[in-house]
Amino acid sequence: MTIKLKEINTVNELIHYGAHLFDAESLFFGHGTDNSADEAAYIVLAVTRHLPLLDDKVLDAVVDAFEQKTILQMFDRRVSEKIPAAYLIGEAWFSGLPFYVNEHVLVPRSPFAELIDDQFMPWLEPQKTKRILDLCTGSGCIGIASAVAFPTASVDLVDISVEALLVADKNIDRHQLRSRVSAIESDLFTALTLNSYDLIVSNPPYVGHEELAQLPDEFYCEPQLGLDGGVSGLDLVHKILASAADYLNDGGVLYVEVGNTDEALQQCYPEVPFLWQDFEYGGHGVFMLTKQQLLEYKKLFQAKLT
């Protein structure tokens, strides 16, 4: 008797096959997806050009031989090299928008997307928000998504990494925002103008060395410059807190993501009334301070730099 094995050639079959492969390995999911099925779907739907998925009928579509080969090669690299799917595809989605990514930038996954979608209400008045700074921008996703959310605002994307800024530049052009969004090479605020911004957002490197040493393999595919926040994880956060007030307009606000170092930051500054953000769709460790609060505690922040 001859047993005929079922071919795997539709979108849905390839997704299930990829999820099965991933489940059999010690993979970490957290770079845009949080499970094997979504990771496999991300690869299959991207290669077959069905992202975003708008019609479930696509799942029954037959995938041609060339795309099948590409998908299987990506599955193999995801397993053998532990490369996050976004790097294999060269694209990640953030705040409902696609962004080009490569190994010079972190994969977008910040809870900032939820704040952007809500236009940072109630702390900002959208019609009065004219200038925004995205500090430590990486791919530019936070600043560019903010530019889309605030269509009359100009946005500066700042990073110390020239390679990251090349990625951000591509994303500025991809979203046709060259008239309002600029990429600037700067070590934090050093190349910027004082008293310029209504909103400063930052997702700086904030992983401490102890945590960094224990991260899954997937994180070592990312640029360590974008993760390493020094021994405590707070090296750049202290600098941002000490200087941000000088670059905010009156009434301006600062939002910074510090992830798992949130408790350490609060312990460093028990007097400071950090407003920690709540997220409906997951995420933590993002605080807000007003310019007035930053000025009130500026001496305390500056003391941490000495």
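**Entry 1: two helices side by side**

I began with the contacts between two helices. In H1, Leu-14, Tyr-17, Gly-18, Leu-21 and Phe-22 meet a set of residues in H3: Gln-68, Ile-71, Leu-72, Phe-75, Arg-78 and Val-79. I note here that the model is predicted.

Next I looked up the helix axes. H1 covers residues 11-23 and H3 covers residues 65-80. Their axes come within 10 Å and cross at roughly 15 degrees. Angles under 35 degrees count as roughly parallel, so H1 is roughly parallel to H3. I also checked the hand of the crossing of H1 and H3, and noted it as right-handed.

**Entry 2: aromatic rings**

I then turned to the rings. How many aromatic pairs are there? The count comes to 14 aromatic pairs. One of them joins Phe-94 and Phe-99. Their ring centres are 6.5 Å apart, and the planes make an angle of 65 degrees. I wrote this pair down as edge-to-face, because planes over 60 degrees apart count that way.

Are Phe-94 and Phe-99 buried or exposed? Phe-94 has a relative accessible area of 3%. Phe-99 has 0%. Buried means under 20%, so Phe-94 is buried and Phe-99 is buried.

Tyr-269, Phe-274, Trp-276, Phe-287 and Phe-301 form it together. Which residue lies over the face of Tyr-269? I found Lys-304 there, at 5.7 Å from the ring centre.

**Entry 3: around Ala-113**

I picked Ala-113 next. Its place is in helix H5, residues 112-117. The relative accessible area of Ala-113 is 14%. That is under the 20% cut-off, so I listed Ala-113 as buried.

What does Ala-113 touch, leaving aside residues up to four places away in sequence? I noted Phe-94 and Ser-95. This Phe-94 belongs to the edge-to-face pair with Phe-99.

I also compared sequence and space for Ala-113 and Cys-141. They are 28 residues apart in sequence. From C-alpha to C-alpha, Ala-113 and Cys-141 are 9.1 Å apart.

**Entry 4: positive phi**

I followed the contact from Ala-113 to Ser-95. Ser-95 sits in the loop between strand E1 (91-94) and strand E2 (97-100). Its phi is near 55 degrees, a positive value in a residue other than glycine. Ser-95 has 21% relative accessibility.

Where is Gln-119 found? I placed Gln-119 in the loop between H5 and E3. Phi of Gln-119 is also positive, near 55 degrees, and Gln-119 is not glycine. At 25% relative accessibility, Gln-119 counts as partly exposed.

**Entry 5: cis bonds**

The bond from Leu-51 to Pro-52 is cis, with omega near -5 degrees. I located Pro-52 in the loop between helix H2 (36-47) and H3. H3 is the helix that I had paired with H1 in my first entry.

Which residue is joined to Pro-122 by a cis peptide bond? Met-121 is, and omega is about 5 degrees. Pro-122 lies in the loop between H5 and strand E3 (131-135). Gln-119 is found in the loop between H5 and E3 as well.

Terms used
Residues are numbered from 1 along each chain as its sequence is written. This is a predicted model: local features need pLDDT of at least 70, side-chain atom pairs count only at pLDDT 80 or more; totals for chains, interfaces and linings use all residues. Side-chain values use heavy atoms; hydrogens and water are left out. Rings of Phe, Tyr and Trp (its six-membered ring) pair if their centres lie within 6.5 Å; planes under 30 degrees apart count as stacked, over 60 as edge-to-face and the rest as tilted. Buried means under 20% relative accessible area, exposed over 50%, partly exposed in between (1.4 Å probe, protein chains only). A charge sits over a ring if NZ of Lys or CZ of Arg is within 6 Å of the ring centre and within 35 degrees of the ring normal. Axes are lines fitted to C-alpha atoms, for helices over the stretch in contact, and angles run from 0 to 180 degrees between N-to-C directions. Helices (H or I, at least four residues) and strands (E, at least two) are DSSP runs, numbered from the N terminus. Angles under 35 degrees count as roughly parallel, over 145 as roughly antiparallel, 65 to 115 as roughly perpendicular and the rest as oblique. A crossing is left-handed if the near helix is turned anticlockwise from the far one by less than a right angle, and right-handed if clockwise. Contact means heavy atoms within 4.5 Å.
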